[in-house]
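Please take a moment with the sequence and the 3D view below. The paragraphs after it walk through the fold step by step.

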Amino acid sequence: MPTTTPPDAHALTHLDDLGHFVQAAPSPFHAAAEVVRRLDVAGFVRQDETEVWDAAPGGHYLVRGGAVVAWRIPEGAGAHCGFRVVGAHTDSPALQVKPAPDSASVGYQLVNVEVYGGLLRNSWLDRELGLAGRLVTTTGQELLVQTGPLMRIPQLAIHLDRTVNDGLVLDPQQHLHPVWAVGRPGASVLGHVAALAGLAAYDIAGFDLRSFDVQPPATFGAEGEFLASARLDNLLSVHAGVTALLDAPATPGEIQVLACFDHEEIGSATRAGAAGPLLEDVLVRTGHALGADVDGLHRMYARSSVVSSDGGHAVHPNYPERHDPAHQPVLNGGPLLKVNASQRYATDAAGAALWTRACRAAGVKGQVVVSNNSVPCGSTIGPITATRLGLLTVDVGAPILSMHSAREMCGATDPYALRRVLAAYWTGA
């Protein structure tokens, strides 16, 4: 097993900032907005997709729904450059509000929701939940909105189900139904949310609202070596990516790109997802603006690479048999190189070498994760990006426990270690 050390001052500062980032990002739209806020402070310039593409040296970014792509063009850039891309995703499993949001049962007012992504259903019980996302008005205006603690899914008491500890089965239609009021038959949850934005319910033409756990992130352990938080998959990588991009200086001949996609948890096949054209649009329009023709753009691609950063599985101490016995990464053991023979992760030998160089340049020890042969492997944006664009791609991430729970956990040192390796990658390692 890898040896671990307590977090130092740099790791703790990064961890505290990660906590603030997670709280500022209860939905993908808020995550994109928080990334943009940090980019604006650093002097990045927003690119309007309807305008002529700006290829001036410096930082640029584009927002599409809950996705954001940022890129930095060095002085003297042209068709001789390559792209160094870090990919992550802004979405996490949650409960999404249905178009008709209100229902009632035995005097209680409920919120109609459906499951978004592969969440651990039981982890959403007995938690104070808020709603967050965007409202779109009849005039087309988009507004971000976030409630405080608004609703809860109460679990059935053990006195009324003596077999519950033999196995809890939750029907997503019947049992994942949050309570938000009682004795108020005319109450409208959309009206409540709209009022927070200074609107009436009839002003809202569309909405994208999801649940979130209102409990803030917290460190724990004998030496504060763990972090418990919502949405570590994958805001940990988004935060590491944006902080690393702002750490890294511009590198001659390399265009640094951070692509934070939406909808990874449901397959990425959207206009803001990795299977859509978002990243390709940015690379193609940047290449053309720098003077590359079709052949020149493909030469730029041949000089390029992608680091797909997403949460990975640490070995679970209570279920070690679910993991490969020769590959058992632990929290605080360093970032993961993710490998799968069926290419559910895009890593190959060339990608592994690229990641190893970045780890060495950053002075960070990494770990390798491979699935148990009897346990199916999940996937990431890595294979999708590699397939769409043909770029050399490697899958990595920080080790996590309780993945897809309403509240996940990671090591206190791994987020900062990931940030350092991503910065080393961007500076040419």
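**A helix across a sheet**

Helix α4 lies across β12, β19 (399-401) and β20, and runs at about 40 degrees to β20. Axes here are lines fitted to C-alpha atoms, for helices over the stretch in contact, and angles run from 0 to 180 degrees between N-to-C directions. Helices (H or I, at least four residues) and strands (E, at least two) are DSSP runs, numbered from the N terminus. This is a predicted model, in which local features need pLDDT of at least 70 and side-chain atom pairs count only at pLDDT 80 or more, while totals for chains, interfaces and linings use all residues. Residues are numbered from 1 along each chain as its sequence is written, and side-chain values use heavy atoms, with hydrogens and water left out.

Now look at the sheet under discussion. It is an open sheet of 5 strands with mixed pairing, in the order β11-β12-β20-β19-β15. The edges are β11 (218-220) and β15 (312-313); each has a single partner strand, so one side of each is left without a neighbour in the sheet. Two strands pair if DSSP finds at least two bridges between them. Strands β12 (residues 226-229) and β20 (residues 408-411) run antiparallel and are joined by 4 bridges. In that pairing, Phe226 stands opposite Gly411 in β20.

Met409 sits in strand β20. Is Met409 buried or exposed? Met409 is buried, because its relative accessible area is 18%. The cut-offs are these: buried means under 20% relative accessible area, exposed over 50%, partly exposed in between (1.4 Å probe, protein chains only). Not counting residues up to four places away in sequence, Met409 touches Phe220, Phe226, Leu227, Ala228, Leu232, Leu331, Ile400, Leu401 and Ser402. Contact means heavy atoms within 4.5 Å. Met409 and Pro217 are 192 residues apart in sequence, yet 9.5 Å apart in space, C-alpha to C-alpha.

**Inside and around helix α4**

Go back to helix α4, which covers residues 232-247 and holds His239. His239 is buried, with a relative accessible area of 0%. Which residues is His239 in contact with, leaving aside its neighbours within four places in sequence? They are His14, Asp17, Leu18, Phe21 and Arg38.

Helix α4 also contains Asn234. A cis peptide bond joins Asp233 and Asn234, with omega at about 15 degrees. Most peptide bonds are trans, and most residues other than glycine have a negative phi. Ser402 has a positive phi, near 65 degrees. Ser402 lies in the loop between β19 and β20, and counts as partly exposed at 34% relative accessibility. Asn332 also has a positive phi, near 70 degrees. The loop between β15 and β16 (336-339) holds Asn332, which counts as buried at 10% relative accessibility.

**Charged pairs**

Side chains of opposite charge can pair when their charged atoms come close. How many salt bridges does a search of the whole structure find? The search finds 14. A salt bridge is a side-chain nitrogen of Lys or Arg within 4 Å of a carboxyl oxygen of Asp or Glu.

The side chains of Arg38 and Asp17 meet in a salt bridge (2.8 Å, N to O). This pair links distant parts of the chain: Arg38 is in helix α2 (residues 28-41) and Asp17 in helix α1 (residues 9-24), 21 residues apart. Arg38 counts as buried at 13% relative accessibility. Asp17 is partly exposed, with a relative accessible area of 24%.

Next, Glu254 forms a salt bridge with Arg84, and the closest N and O atoms are 3.5 Å apart. Glu254 lies in strand β13 (residues 254-261) and Arg84 in strand β4 (residues 82-89), so the pair ties together parts that are 170 residues apart in sequence. Glu254 and Arg84 are both buried.

A further salt bridge joins the side chains of Arg134 and Asp208 (2.8 Å, N to O). Arg134 is in strand β7 (residues 129-137) and Asp208 in strand β10 (residues 204-213), 74 residues apart. Asp208 is partly exposed, with a relative accessible area of 28%. Elsewhere, salt bridges that share partners join Asp17, Glu34, Arg37 and Arg38 into one network.
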